[in-house]
Every structure is written in structure tokens, then in C-alpha cells.
Amino acid sequence: MSATLLAVLSAVPALLGELVTLPLVSYIDTLGQFLRPSTLVGVFVRGLSKSAIYVMIASGLTLVFGLMGVLNFAHGSLTMIGAYLGGLIMVLAVTGASGTVQRFAVFFVAVLVVFGALSALGGVVEVGLIRPLYDRPPIYQILLTFGVTLVLDELVRIVTLFYGIQPISEWQAALGTKPEPLTATIELGSTTVSGLALFEILFGVLTVAAVWAFLTRTRYGLVVRAGSEDSEMTEALGIDVRRVFTTVFALGTGIAGIAGALLMWDPVWGASVPLAAETLLPAFVVVIVGGLGTFRGTVVAALIVGMVDAVTTWWFVNAVEFTGLPEMFIFLILVVTLIVRPQGLFGVAEVGGH
């Protein structure tokens, strides 16, 4: 994380120099092109697709911190494992003769398998590693989860090297299992968007709706919210809060795995070992900007970060030759939020009830 941030910060002088040297008229022409309705619609759709990805990555992290007060640094590694596991199922089950319906069906089966496997792994990690540290300062849990992510990353790197899967660039075999509609472009008025972007938006909306329904429309969701507000009172009512902790941690890791299964198809992300760090950064930005532990804040922050990412990416492609432009503005959102409203957009003074 620090290396990426330092790389972005070190490149800021070069960006400022470019902004000064480029003629003003060039930026005015580019601004006019950006304000065209077709451009705005395209950027808006891409912003929604990026927001959907960010909210899926960050939702599990928010659930875990909201109830347990645990900052899970292994969240990105679990997303990366979900990408590889989902890709493995797709590569094994999809052949060249598989049709669109078959590929979608296999994908949703892969999502269920990934969710089950990652949830089981999350439950084991919570019971075996994190539970013994609840009575210790939070720094112990942070160091533990940081150690877990290093172990998981190296294990995956060893496995991918052993089986000849390139661990750095995207896994091309997994990218090639996409159904045809997701590789095509679709016309929306006077602009075109990719089918994958629309699918990511739909998948993100379904994920947000499912988590919201779980938290607000189920009895277990009520228990989770009660435990996040006051775990001692909840336990006094006869509810096994430790079991709730395990369930929520498993659910959070399962959602991380689902996000990875979707990213496996996205050429911007793909299944690779560096995906762990690449997803952990925006997840923490979204969770902190939204307010630690608030699901509503996570959704709103994901929308803000996704739109800023889409706009700055457009300017990077069309005007500013600075590869770190989107990352720089995403970190600026984080910095401004911490200065103006340290608790985040919807944050509260205290989260976690133990």
C-alpha cells in the first residue's frame, strides 16, 4: 500500500508540470468534448460499473468492522483467492462449444462455490486465529490479519507458479470464459458501453440489495445490528455473540470471494496475485470515506469514488498523460475526508461493541 501511495505522490510534480506546460486552449477543447451528452452518459455508466465493483469489494470489510471492530487486512487476499477459484471453475467447465446460457449458468454456480468456500475459510480464520485476540488491543488483530495476507499471497504465488499460471499478469484463460454478450458493446443513445459494465452494475445492485435485506429484513440481521450496537446487552439476552461474530466474518469473506469471481472477467483487474493489494486499497478508502462500519456510508462512498475514478480515467485517456491520475484523486478524497470529517460521511463516534 505504501509503495503505491509513494509512487503516486512522487509523480505529482510531473503532473503539475504537464498541467502548466500544456496550452490552456487544449484543455478548453477537451472540456467541451467532455461536456457532450454522449461523453457524459458513457462516463456515468462506467462510473456506475466502477462503483458496483468498489461496493462489492468493501461490503465484506464493512460488515466485519461494523460488528467486530476488526480491520481485516487479509480482505484483499480473500478477494484474490475468489478470483482464482472462480476462474478455475470457469476454465474447467467452459469449453469452446459452450453457449451463452451455459457460461452464465456455470458462472453463477462458480459464485455459489466461491461464496461457500471463502465463507468456510473465513469461519476457520475467525475461530482459530482472531477469536483468541479479542481481549487484546486492536493492533494485535491488525498485525495478525496482515500476516495472514502475506501467507495467503505467497501460497497462491507458489501454486500459480507450480501449475504454470502467470502470477503477475491477468489469467488469460479465465478472461476467455466470458459469455459473448459481455465482450460486445451496447448502444445507449448516442454512446456505446460494454456489456461487462452493465453486468457489473446489475451484479453490484443485487449484492447491495441482498446485504441490505439481510441486515434489515431478517431476524439474524437484527441480531447482527444489535451486537454491533451493544454486544454485552445482546449477550445478556441469551444470544451467543461469538457465534454471530463467526457468522459475520464468514459472510464478509464470502462477499469478498464473490467480488473476486466477478473481477476475474474484468480485463482491468483479472485474476492475479497483485489483485490482493489492488483491491485492498480502494476497499479501505471506501470504508473510511463512508464511515467505518456503516453499510449506507459504504454504498455512498463507493458511488463517489467510482464516479471520480471514471471521470479522471477519461481525462487521463484524452488529455492528461499521467497514469496515476485516478489513484491520486481517489487518495485526495480520502485525505480531504479525514481532514474535514474524520469519522467519515456516515460514521459514528464508536463502532464495535466489545
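This is a dialogue on reading a predicted model of a protein chain.

Trainee: What is the average pLDDT of the protein chain, and which elements have the lowest and highest means?

Mentor: The model is predicted, and the protein chain averages a pLDDT of 84, with 89% of the residues scoring at least 70. Among the elements, helix H1 (residues 2-10) has the lowest mean pLDDT, 57, whereas helix H6 (residues 100-130) has the highest, 93.

Trainee: How many residues are in the largest nonpolar core, and which of them have the most contacts inside it?

Mentor: The largest nonpolar core holds 61 residues, and Phe-107, Phe-199, Phe-203 and Trp-265 are those with the most contacts inside it. Helix H14 (residues 275-290) gives the most to this core, contributing 10 residues. Another core lies apart from it and has 19 residues, including Leu-67, Val-224, Phe-245 and Val-248.

Trainee: Which residues is Trp-265 in contact with, once its neighbours within four places in sequence are left aside?

Mentor: Trp-265 is then in contact with Met-90, Phe-107, Ala-174, Leu-175, Thr-177, Lys-178, Pro-179, Leu-182, Leu-196 and Phe-199. Two of these partners, Phe-107 and Phe-199, are themselves among the residues with the most contacts inside the largest core.

Trainee: How are two packed helices described?

Mentor: Two packed helices are described by the angle between their axes and by the distance between those axes. In this structure, the axes of helix H10 (residues 195-217) and helix H13 (residues 241-263) come within 11 Å and cross at roughly 170°. An angle over 145 degrees counts as roughly antiparallel, and H10 and H13 are therefore roughly antiparallel to each other.

Trainee: Which residues in H10 and H13 meet?

Mentor: From H10, Phe-199, Glu-200, Phe-203, Thr-207, Val-211 and Phe-214 meet Leu-251, Ile-255, Ile-258 and Leu-262 in H13.

Trainee: Is Ser-49 buried or exposed?

Mentor: Buried means under 20% relative accessible area, so Ser-49, at 6% relative accessibility, counts as buried. Ser-49 has its place in helix H4 (residues 37-68), and, not counting residues up to four places away in sequence, it touches Ala-197, Glu-200 and Ile-201. Glu-200 is also one of the H10 residues that meet H13.

Trainee: What is the relative accessibility of Asn-318, and where is Asn-318 found?

Mentor: Asn-318 is found in helix H15 (residues 295-318), and at 36% relative accessibility Asn-318 counts as partly exposed. The side chain of Asn-318 reaches the backbone oxygen of Trp-314 at 2.8 Å. Although Asn-318 and Thr-30 are 288 residues apart along the chain, their C-alpha atoms are separated by 7.5 Å.

Technical notes
Residues are numbered from 1 along each chain as its sequence is written. This is a predicted model: local features need pLDDT of at least 70, side-chain atom pairs count only at pLDDT 80 or more; totals for chains, interfaces and linings use all residues. Side-chain values use heavy atoms; hydrogens and water are left out. A nonpolar core is a set of buried Ala, Val, Leu, Ile, Met, Phe, Trp, Tyr and Cys residues joined through side-chain atoms within 4.5 Å. Buried means under 20% relative accessible area, exposed over 50%, partly exposed in between (1.4 Å probe, protein chains only). Helices (H or I, at least four residues) and strands (E, at least two) are DSSP runs, numbered from the N terminus. Contact means heavy atoms within 4.5 Å. A polar contact is a pair of N or O atoms within 3.5 Å; within protein, one must be able to donate a hydrogen and the other to accept it, and residues adjacent in sequence count only if both atoms are side-chain atoms. pLDDT is the predictor's confidence in each residue, from 0 to 100. Axes are lines fitted to C-alpha atoms, for helices over the stretch in contact, and angles run from 0 to 180 degrees between N-to-C directions. Angles under 35 degrees count as roughly parallel, over 145 as roughly antiparallel, 65 to 115 as roughly perpendicular and the rest as oblique.
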